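Have the structure open alongside.

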Amino acid sequence: MENCIFCKIANKEIPSNFLYEDEYTVAFNDLNPQAPTHILVIPKKHFASLNELDDEKVMSALFKAVQNVTNKLGIKEYRTVINTGESAGQTVFHIHIHILAGRPLKWPPG
Ligand code: 5GP
Ligand code: ZN
């Protein structure tokens, strides 16, 4: 999708250091990390949010990518977050899974 920053990262229009890549997904560090480890896992195909994600192959690939990237980096304990909609904190409307690790994380989130 045009003017989508994460589409540009996924299709390599914007050069990025991928921590993981497969047929359906890529993972890279968040620009503004909220924990010592803050990774984003995104599908290569554009879906604005979880509400629009209607492809089961991509759904399973996203979770597999979380397992693969954490395993690759030796991260055993982490939080995954998907913000859906503005009031939930979504600012980039290309679905992404946050992986946060490396410090104690409070619950409930703010
Ligand atoms: P959201 O608030 O939508 O759940 O998360 C969007 C995340 O994307 C934020 O944590 C923000 O720091 C990150 N982000 C926004 N633009 C870029 C970018 O151009 N590159 C990277 N690596 N992360 C970005
Ligand atoms: Zn996109």
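Strands here are DSSP E runs of at least two residues and helices are H or I runs of at least four, numbered from the N terminus.

This is a predicted model, where local features need pLDDT of at least 70, side-chain atom pairs count only at pLDDT 80 or more, and totals for chains, interfaces and linings use all residues. Side-chain values use heavy atoms, without hydrogens and water, residues are numbered from 1 along each chain as its sequence is written, and chains are lettered from A and ligands numbered from 1 in the order in which they are written.

Next I checked both faces of S5: Ile97, Ile99 and Ala101 are buried on one side, His98 and Leu100 on the other. I then looked up pairing, which takes at least two DSSP bridges between two strands. S5 runs antiparallel to S3 over five bridges, with Ala101 as the partner of Thr37.

Last, I turned to Ser49, in the loop between S3 and H2. Ser49 is buried at a relative accessible area of 6%. Its contacts (heavy atoms within 4.5 Å), leaving aside neighbours within four places in sequence, are Thr84, Gln90 and Ile95.

Notes:
Buried < 20%, exposed > 50% of the residue type's maximum accessible area, 1.4 Å probe, protein only.
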